[in-house]
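I would ask everyone to keep the sequence and the structure in view while I speak.

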Amino acid sequence: MFDLSLFPPARLHGRYPENLLTESRLEHALRAGLGRLPLAATVRPSLLRRLAGRVEQAGESMRLLDDRELAAVARTLKPQLRRAGLRRDLVVRAFALVREVASRRVGMRHYPVQVMGGFVLLLGMVAEMETGEGKTLTATLAACTAALAGIPVHVITVNDYLARRDAGITRPIYDFLGLSVGTIVSGMSPAARRETYACDIAYCTNKEVVFDYLKDRIALGSRPGAIQLSVRRLCGKGGQASLLMRGLPFAIVDEADSVLIDEARTPLIISGPGAEVSDGEELYHNAIETAARFEEGAHFTIDHGKRTLELTEDGKGLIALLAAVLGSAWQGARRREQLITQALSALHLFKLDRDYLVHDGKVKIIDEYTGRVMADRSWELGLHQLIEAKEGLAISPRNETIAKISYQRFFRRYCFLAGMTGTAREVAGELWSVYRLNVVRVGTNKPLIRTALPFRYYKSLEEKWRALGERVRELHQSGRPVLIGTKTVAASEEVSRRLWRAGVQHVVLNARQDENEAQIIAEAGNAGKVTVATNMAGRGTDIHLGPGVKELGGLHVIATELHDAKRIDRQLFGRCGRQGDPGSYEALVSFEDEIFSRRSKTLVGVVACRCGGEGVLGRVVARLFSDEVQRWMQNAHFHLRSELLRFDEQSEKSMAFSGKGE
């Protein structure tokens, strides 16, 4: 039986509510085994359509009310929800109320598909909605209903700009309903964060909310229960009032696949000043100089899929031989092997203008999923210092880990978790196995008329860049706006150079030039506009078409390189053809692109590279090769995330056994 009574208030009576349930070995094995199985959603589309119809019916009577009467409905509904929980009839009334308030206060009435998406969120699932279908407005249905029921809500998105924008757009709805709303962004003081988390609804980024949680865990020790809070209060430490958060009650994760899957390969770490390393600068410079003598294959091997590196026996022997002249710091076998492994990683796995850039004499990490600079972040275990030595920069002090948690373990601690994204079906199995989240596909408000053009394959990078210049010049002359997607800062700058040579005016959006992101993306749909962007490409931002652009065919999107997962390619292609607008997309790729070089020695890879994508057979083989490479990369990333989660869980159990907690 379909029941929306998912949030009994008793679940939230604790002072710091979160889900700390552990699973048995059998459950762990089953969850790991199910990671690759696509699981069908448990909610039928017909049921969602019926519920949306009931909301429409309830909304008819609310349209006849004036603002004063509508506010009275909200005041009446709030105690009913807090008393009875999210009962189906109350949820239908709440959705109808939010829909009417949104129409009056922000000029947008939720479409039926958005109402369906709201029900999916309130059921604790992931709503897969096409890009441009209005996920920001969809979230208000579930957020308002839960908040009216007394459940604090975190709406989590991927960057500060989107958190501010979404909170600003939806604030009039919350204000009318008597709900408080705030925004958590980088640079806020602890007092401001505490005040925002005390709001009914807090818009925040994934990284900020995890770090704030880790700070609370450091303050609380092991498990943040009522006893620990009482002890803190008795000791004059303020109890819960001194913590940043109120716990982890209900999270709605925007761009859920990016946050819960893509970014889950890297744990979140809080670090502090570590012990000074004797002769630190000399040690790191010696390590880089020594690692430069090592040869791939002979002394070390690289797993490009997992982005890991391992020394061979010959490599370990060479380290022992060289250590004799490098001083006492190199005498411990384990320490020197770890140091050289990190130095080799700095040289071969981390690339300038792809993984980091140098600004004001400092190494700045680039978020590979958003293309943005990650301010005040550093790599651990000496890797950051080794990259500084590699680039000839001043060596910064090394930090030591104080607290650490993976995204998987953190988001599983929410009492209730839901998400929304345009690209989830490929990772539906992993979302279920790790987070117990089912994926429900929600249709579009208007039919999609986006046109997919055949992918173009080239033998060399030079051929690809030349063809790209000609293709963009052709489109530019027709007046159509063009969005060109690249994977790295270096690639975006190479595209820019080619376009200037071709006489095409354009703007570039990357980690070096991200100050005017909103304005650049807002203008990307104007006639004759050419925009070059890294992965940040305005994710979460609509590109509206300028006057006369629909008649020209809409926005055209070009991918200059395939990503490790097809989902990310689809995210880029989803920039065009929104809400029934015309649009088209294509990919221009080279067999010298990094993703292909990793598998170029396979049988399909050899044939594809020789054919060069020419002729019917060449195009078929090239597409088979690209599919094989992306499938291989997706599996490699899946195993990497699984290993991280397993290691994280083992660390948690070890620390709990020792009494240290996290």
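Predicted model: local features only at pLDDT ≥ 70, side-chain atom pairs only at ≥ 80, totals over all residues.

Let me begin with a question: in which sense do strand β20 and β21 pair, and over how many bridges? Strand β20, residues 555–559, pairs with β21 in the parallel sense, over five bridges.

Let us remain with strand β21. Strand β15, residues 449–452, runs parallel to β21 and is joined to it by four bridges. Here Ala-452 is the residue that stands opposite Tyr-585. Strand β16, residues 456–458, is likewise parallel to β21, with three bridges between them, and Tyr-458 stands opposite Ser-590.

In β21, Pro-582, Ser-584, Glu-586, Leu-588 and Ser-590 point one way. Gly-583, Tyr-585, Ala-587 and Val-589 point the other way, and the residues of both groups are buried.

I turn now to another sheet. This one is open and has seven strands, in the order β3-β4-β2-β5-β13-β1-β14, with parallel pairing. Its edge strands are β3, residues 181–184, and β14, residues 439–441, each of which pairs on one side only. On average, and ignoring direction, neighbouring strands of this sheet are turned by 20 degrees against each other.

Within that order, strand β2, residues 153–157, and strand β5, residues 250–254, run parallel and are joined by four bridges. Ile-156 stands opposite Val-253 in β5. Helix α5, residues 112–122, packs on the sheet and touches β1, β5, β13 and β14. The direction of this helix makes about 155 degrees with that of β1.

The next topic is the nonpolar interior. In soluble globular proteins, nonpolar side chains tend to be buried together. In this model, the largest nonpolar core has 66 residues. Those with the most contacts inside it are Leu-97, Phe-119, Leu-177, Ile-201, Phe-250 and Ile-252. Helix α4, residues 88–105, gives the most to this core, with 10 residues. There is also a second, separate core of 44 residues, which includes Val-158, Leu-248, Leu-417 and Ala-428.

Let us consider the aromatic rings. The count comes to 13 aromatic pairs. One of them is formed by Tyr-356 and Trp-379: it is edge-to-face, with 6.2 Å centre to centre and 85 degrees between the planes. Which parts of the chain does this pair tie together? Tyr-356 lies in strand β9 and Trp-379 in the loop between β11 and α15, so the pair ties together parts that are 23 residues apart in sequence. Both Tyr-356 and Trp-379 are buried. Elsewhere, ring pairs link Tyr-213, Tyr-407, Phe-410, Phe-411 and Tyr-414 into a cluster.

Lys-464 lies over the face of Trp-465, at 4.4 Å from the ring centre. The charged end of Arg-436 sits over the ring of Trp-432, 5.2 Å from its centre.

Arg-436 lies in the loop between α17 and β14 and, at 39% relative accessibility, counts as partly exposed. Asp-353, which is not a glycine either, has a positive phi of about 70 degrees. This residue is in the loop between α14 and β9. Is Asp-353 buried or exposed? At 13% relative accessibility, Asp-353 counts as buried.

That concludes my presentation, and I thank you for your attention.

Methods: Residues numbered from 1 in each chain as written. Heavy atoms only, no water. Phe/Tyr/Trp six-rings, centres within 6.5 Å; stacked < 30°, edge-to-face > 60°. Helix = DSSP H or I, 4+ residues; strand = E, 2+ residues; numbered from the N terminus. Buried < 20%, exposed > 50% of the residue type's maximum accessible area, 1.4 Å probe, protein only. Lys NZ or Arg CZ within 6 Å of the ring centre and 35° of its normal. Core = buried A, V, L, I, M, F, W, Y, C linked by side-chain atoms within 4.5 Å. Pairing = 2+ DSSP bridges. Axes fitted to C-alpha atoms, helices over the stretch in contact; angles between N-to-C directions. Contact = heavy atoms within 4.5 Å.
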